[in-house]
Amino acid sequence: MTKQARMRNRSRVPLLQELPLLIWLVFLWGALWQDFSAGNLVFGAVIAFFVANIFYLPPVELSGRFNPLYGLLFAGRFLYKLVEASFHVLWLALVRGPRIRNGVIGVKLRSRSDLLVTATGHVLSLIPGSLIVDVDRSTSTLYLHALNVSTAEQAEKVRADALDAEAWLIRTLGTKEELAALRAETAETRKRKIGGRA
């Protein structure tokens with residue numbers, strides 16, 4: 001089957017499911033032109049619609065839930081991590097300089113959602129000292145370049161921080177199934193810790 005035939009046969013994505021992608025493309029259009037006037041945004045919406053329908057892109061699937069309280073807490077946590085990491089990178093630059101050893105760490109996420117994988121990757125990349133260098137979409141694995149990683153313990157801490165960021169995003173906008181799995185995992189971890197202390 002030719003590429004054109006596959007394109008004709010692919011199922012039409014409902015507009016409601018395509019809406020987040022269209023809104024993002026319109027916002028990106030306005031940001032690139034630095035013009036958020038009504039005329040420019042309408043023109044951007046027309047271009048976004050054609051781009052989304054001519055070029056095959058996987059649809060952005062929403063979970064159908066958003067927790068504003070966790071969203072607010074997540075934003076506060078993100079700002080705290082941003083400031084903390086900025087000072088940590090400054091300290092490393094002044095004290096350790098070129099002697100810093102870096103590492104690339106694979107982090108297998110819980111979620112298979114493209115939206116959550118992308119959001120987690122962006123959040124981690126925006127925090128100074130870390131950068132996503134590759135994504136394996138088939139296994140939901142992020143490969144993260146991190147500063148000052150020379151031991152297995154330091155790598156595990158970076159991995160735990162990345163999974164913690166994903167957990168906050170799941171609490172904010174993950175599906176009910178992802179949230180239930182996260183709660184079960186948290187309860188199991190708590191039991192293991194209590195059992196370890198006993």
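Author: Glu 156 and Arg 159 are three residues apart in helix α6, so about one helical turn separates them. The model is a predicted one. In it, the side chains of Glu 156 and Arg 159 meet in a salt bridge, with an N to O distance of 2.9 Å. Glu 156 is partly exposed at 44% relative accessibility, and Arg 159 is also partly exposed, with a relative accessible area of 23%.

Lys 157 forms a salt bridge with Asp 161, and their closest N and O atoms are 3.2 Å apart. These two residues, Asp 161 and Lys 157, are four residues apart in helix α6, which again means a separation of about one helical turn. Lys 157 counts as exposed, at 52% relative accessibility, because the cut-off for that class is over 50%. Asp 161, by contrast, is partly exposed, with a relative accessible area of 28%.

Asp 161 also reaches beyond its own helix. Its side chain meets that of Lys 81 in a salt bridge of 4.0 Å, N to O. Lys 81 lies in helix α4 (residues 68–95), whereas Asp 161 lies in helix α6 (residues 152–173), so this pair ties together parts that are 80 residues apart in sequence. Through the partners that these salt bridges share, Lys 81, Lys 157 and Asp 161 are joined into one network. The structure as a whole holds seven salt bridges. In general terms, side chains of opposite charge can pair when their charged atoms come close.

The packing of the helix against α5 comes next. The axes of α5 (residues 114–126) and α6 come within 10 Å and cross at roughly 130 degrees. That angle makes α5 oblique to α6. The crossing of the two helices is right-handed. On the α5 side, the contact is made by Leu 116, Ala 119, Thr 120, Val 123 and Leu 124. On the α6 side, Ala 162, Ala 165, Glu 166, Leu 169, Ile 170 and Leu 173 take part.

Ser 140 sits in the loop between β2 (130–136) and β3 (141–146). Ser 140 is buried, with a relative accessible area of 1%. Leaving aside residues up to four places away in sequence, Ser 140 touches Val 107, Lys 108, Leu 109, Ser 111, Arg 112 and Val 117.

Finally, the setting of these parts. The protein chain has seven helices and three strands, and their order along the sequence follows the pattern α-α-α-α-β-α-β-β-α-α. Of its 198 residues, 29% count as buried. Among the contacts in the protein chain with a separation of 6 or more, 70% are accounted for by residues 24 or more positions apart.

Key. Residues numbered from 1 in each chain as written. Heavy atoms only, no water. Buried < 20%, exposed > 50% of the residue type's maximum accessible area, 1.4 Å probe, protein only. Axes fitted to C-alpha atoms, helices over the stretch in contact; angles between N-to-C directions. Parallel < 35°, antiparallel > 145°, perpendicular 65-115°, else oblique. Left-handed = near helix turned anticlockwise from the far one by under 90°. Contact = heavy atoms within 4.5 Å.
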